[in-house]
Amino acid sequence: MENDRVCKENGEYDDLELYAGESLPLEDLLWEKVSLLQSQNQDIAFFLADLGEIYSKLEDWRRLLPRVEPFFAVKCNSQPVVTRFLADAGVGFDCASKMEIEQILNLGVHPSRIVYANPFKQSSYLTYAARHNVDLMAFDDIHELIKINEYFPCARLILRMATRGEVKVLHKFNNKFGCPLKQCGMLLTQALDMKMNVVGVSFHIGGQPEQVDCFSTAIEDAHQVFKIGLALGFQMHILDIGGGFPGRDMGNISFAKTDSIPGTGSTSCEHIIRQYFPPSDGVRVIAEPGRYFVTTSFTLAVKVIAKKVVNEADISANKNDSLYNGGNMIDDDSLLHMYIINQGIYGIFANVVIDKAPISLQLLQEKENSQVSRPRRSKIFGPTCAGCDCLMSECRLPEVQVGQWFYFRNMGAYSFSLASGFNGIELPLVFPVCSKQNCPPKKQPLKSTQPINAGIDLQLCKHF
Ligand SMILES: *Cc1c(COP(=O)(O)O)cnc(C)c1O
């Protein structure tokens, strides 16, 4: 594609389109892109990636959780435009693999701004991390300690503890991650015997919590584990409160309300941290938000590439039914309108199945032709040759024509990262835009001015 605004490989956003506030409605911008593609005889699905929205999330974060340094979970959306933007804004990164680490280091991010938060690391990845000084990493079992001791003995270790089961979350992590609370003391003793360098505690409450008071117990528990570590002589100084911060407001759940104390208007997540880890203790607090930063920033546009109208009753025709009824199709409610769009559950909508992301479809209406026909029984399918590639199995939509476009908001989290190229369907393009003023922010120095190990002598490793 000869389009210099398309930001696919290199993550540049110098040619970012700015639109201030609400002055240019989203639909106008979508139309502009549709026409641009049409002028090039293209009809690929595309995203508007609103960096202004990401920036306002960062501002909210810094206002409500000023003490907590965010390390963006790269797995949530590793699009170069996102990682580059967050790197420039001074955010750190949570990486889970060699490739994620490599992508972030290639942006010029200092290794001290990366936490290797996956507690299961293959040895070759550990060697890679060691070679590139990415030394802050999670563990939750003796077997990981043995491996780290062999491949990166000087790593600074964060003990990932399991959280309690009470907190209601959509995606539980306790089945796979975290040292059970009762075993943390034993694991720390083993680390001590091996002369490993444990510097902190982490947890992840799970994905998409369904209650606002989801962090308090975990922070309290982390404090207990901290105390054990300190008593054993470890220089514990990092608390990592993980991810799970909501990406959008849903019902009672919103970032601003997480652990809120009614009436104070402040998040008590910060308050609880202060209670157990007073700033005077010098504990550094970090977090690994993923969906928080990107969910609302990506709007997806897809094209209706094909259509089929069937009488559903006829699908299950009997052997003896006459095959010819005079050529008439009765236009009643038994007719099912099937629309095939150019992304499906094997593509960018994989997050609907795996992450259980709610979707809401909107028709990109032509302004001059805003007549809406009566709603019909409709089904929306993806473009692949799989029968189960069905995005919406039962909905009512006004009749739509081949060539029209739908759009879906809030598609930034776990969409690209879970999508496959099944059947050779291209993944969407990304057009970076900016809906807020002062965006992008002035570039900050990429090198960390405040290394994560501030004040701690790495030589202590093995000898503390
Ligand atoms: C996935 C993940 C995150 C991000 O989770 P969100 O729900 O997107 O905030 C953070 N930390 C770890 C270790 C993860 O695995």
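Residues are numbered from 1 along each chain as its sequence is written. Because the model is predicted, local features need pLDDT of at least 70 and side-chain atom pairs count only at pLDDT 80 or more, while totals for chains, interfaces and linings use all residues.

**View 1. K75, a lysine with a record note.** UniProt (unreviewed entry) marks K75 as "modified residue: N6-(pyridoxal phosphate)lysine"; such annotations use the numbering seen here, with shortened feature names, and may be inferred rather than shown by experiment. Look for K75 in the loop between strand 3 (68-73) and helix 3 (80-88). Helices (H or I, at least four residues) and strands (E, at least two) are DSSP runs, numbered from the N terminus.

**View 2. The residues around the ligand.** There are 16 residues around the ligand, and A73, G243, E288, G290 and R291 come nearest. To be near, a residue needs its C-beta atom, placed from the backbone, within 6 Å of the molecule.

**View 3. The buried side of helix 4.** Which residues of helix 4 (residues 98-105) are buried? They're E100, I101 and I104. These sit on the same side of helix 4 because they cover an arc of only 100° around the axis, the arc being that of the directions from the helix axis to the C-beta atoms. Their cover includes helix 3, strand 4 (92-95), strand 5 (114-116) and helix 5 (123-131).

View 4. The UniProt record (unreviewed entry) puts the feature "active site" at C385. You'll find C385 in the loop between strand 16 (375-381) and strand 17 (390-398). C385 counts as exposed because it has 8 C-beta neighbours inside 10 Å.

**View 5. Two residues with positive phi.** Most residues other than glycine have a negative phi. N133, in the loop between helix 5 and strand 6 (136-139), has a positive phi near 60°. Y414 isn't a glycine either, yet its phi is positive, about 55°; its loop runs between strand 18 (405-408) and strand 19 (429-434). N133 is partly exposed, with 13 other C-beta atoms within 10 Å, whereas Y414 is buried, with 24.

Methods. Buried ≥ 20, exposed ≤ 12 C-beta atoms within 10 Å, placed from the backbone. Contact = placed C-beta atoms within 7 Å.
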